[in-house]
There are 2 protein chains.
Amino acid sequence: MDTSRRRGRRPGGADTRAALLAAAREVFAEQGYAGATVRAIAGRAGVDAAMVNHWFGGKQGLFSAVMELPGTVRLPTVLDTILGGELDGLAERIVRTFVTLWDDNDGQFAALIRSVSSQEMTATVLRDFLTNEVLGRVVTRIGADRPELRASLCASQMVGLGMARYVVKLGPLATADVDTVVRAVAPTLTRYLTEPLDG
Amino acid sequence: MDTSRRRGRRPGGADTRAALLAAAREVFAEQGYAGATVRAIAGRAGVDAAMVNHWFGGKQGLFSAVMELPGTVRLPTVLDTILGGELDGLAERIVRTFVTLWDDNDGQFAALIRSVSSQEMTATVLRDFLTNEVLGRVVTRIGADRPELRASLCASQMVGLGMARYVVKLGPLATADVDTVVRAVAPTLTRYLTEPLDG
């Protein structure tokens, strides 16, 4: 690799990184995660496309940075772990992976929520990503009626669990061990995924 | 009423209002909602206690302003409506009142979440209020084991419903009518309130 290029044309690497983050937020919001290209984001930022790999390791890493996800999380791997495998244990895998992941990064969950609630653009990016990259994969697994509503109900419980455990730090839910949380919450997701929704 | 006093000793009413909000945030966080007095809050702000009534109509209105709750909401009345009455319809009343209330004020739900996720002190205030003024009343109604965990699970689903419907505006859950949401979500609360939590 051409290291002179990797180090960027512009002096002030931190500026390049910030420009890429701002451009990525815009392009992800406009084009969605799937539609946004590294080239378009770099172009919007006015820097060379190689800078995306240099600073973020690629599109997925740039997305993680925009969403304030923990730097150690390999999103595609995590999603494959949760969403691959049998439908049978899906609810438990969702809850267990979510809690295990964020328990080590509770400050970053608050940062994600802060960003989503204060920037319309970040909310748009999260909505698109959840809908198309996460819930869309859940929806195809659901045999029951109204799969999109079911998937969004699952998401509502998981976001709320994160809010209660990491942001508001509410009562026993903030300190309960992972198994307790899984046993309490997974049946909710199982109902949303598979059981009748009408009372 | 002495109108010269109502108009305040200090010029610049907006300053007085802002000082009261800042002081209230601190005192609510330190003393809890029940422990905080109008006198202590006014004292911290360096203004006359009558200013609290003038600007906010009392402690409850000041709390609503700190939490960015819709100005039209009479919190004690709302809580009595939800938490009074039979345990039987409690889950449905919680969901229906929550959605009806915030559907008209979705921007303020986002403001509440923004404030809670960006200010540790607001999170503390909300935690205390939910725990002692809301969930504490739910807990006393629950005949099942681990009532505090059950109440916090209910809160997690409701906060998550608000996040999905008003902040992220996720899929069908953002646009579903109130009855659909009630039918889908109330059984979750019923399980949290009354059914076995272990799988």
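What share of the contacts in chain A with a separation of 6 or more comes from residues 24 or more positions apart? Such residues account for 64% of these contacts, two residues being in contact if their C-beta atoms, placed from the backbone, lie within 7 Å.

This is a predicted model, in which local features need pLDDT of at least 70, side-chain atom pairs count only at pLDDT 80 or more, and totals for chains, interfaces and linings use all residues. Residues are numbered from 1 along each chain as its sequence is written, and chains are lettered from A.

Chain A contains 12 helices and 0 strands; helices (H or I, at least four residues) and strands (E, at least two) are DSSP runs, numbered from the N terminus. Its C-alpha trace spans about 60 × 35 × 30 Å along the principal axes. Of its 199 residues, 42% are buried, that is, 20 or more other C-beta atoms lie within 10 Å of their own C-beta atom, placed from the backbone.

Between the chains, 42 residues of chain A are in contact with 42 residues of chain B. On the chain A side, α10(A) supplies the largest share, 15 residues. The classes on this side are as follows.

| Class | Residues of chain A touching chain B |
|---|---|
| Nonpolar (Ala, Val, Leu, Ile, Met, Phe, Trp, Tyr, Cys, Pro) | 25 residues |
| Polar (the others, Gly among them) | 10 residues |

In chain B, helix α5 (residues 59–66) has B:L62, B:F63 and B:V66 buried. They lie on the same side of α5(B), because they cover an arc of only 100° around the axis, taken from the directions from the helix axis to the C-beta atoms. The buried residues of α5(B) pack against α2, α3, α4 and α9 of chain B. Just after α5(B), B:E68 takes a positive phi of about 60°.

How values were computed: Buried ≥ 20, exposed ≤ 12 C-beta atoms within 10 Å, placed from the backbone.
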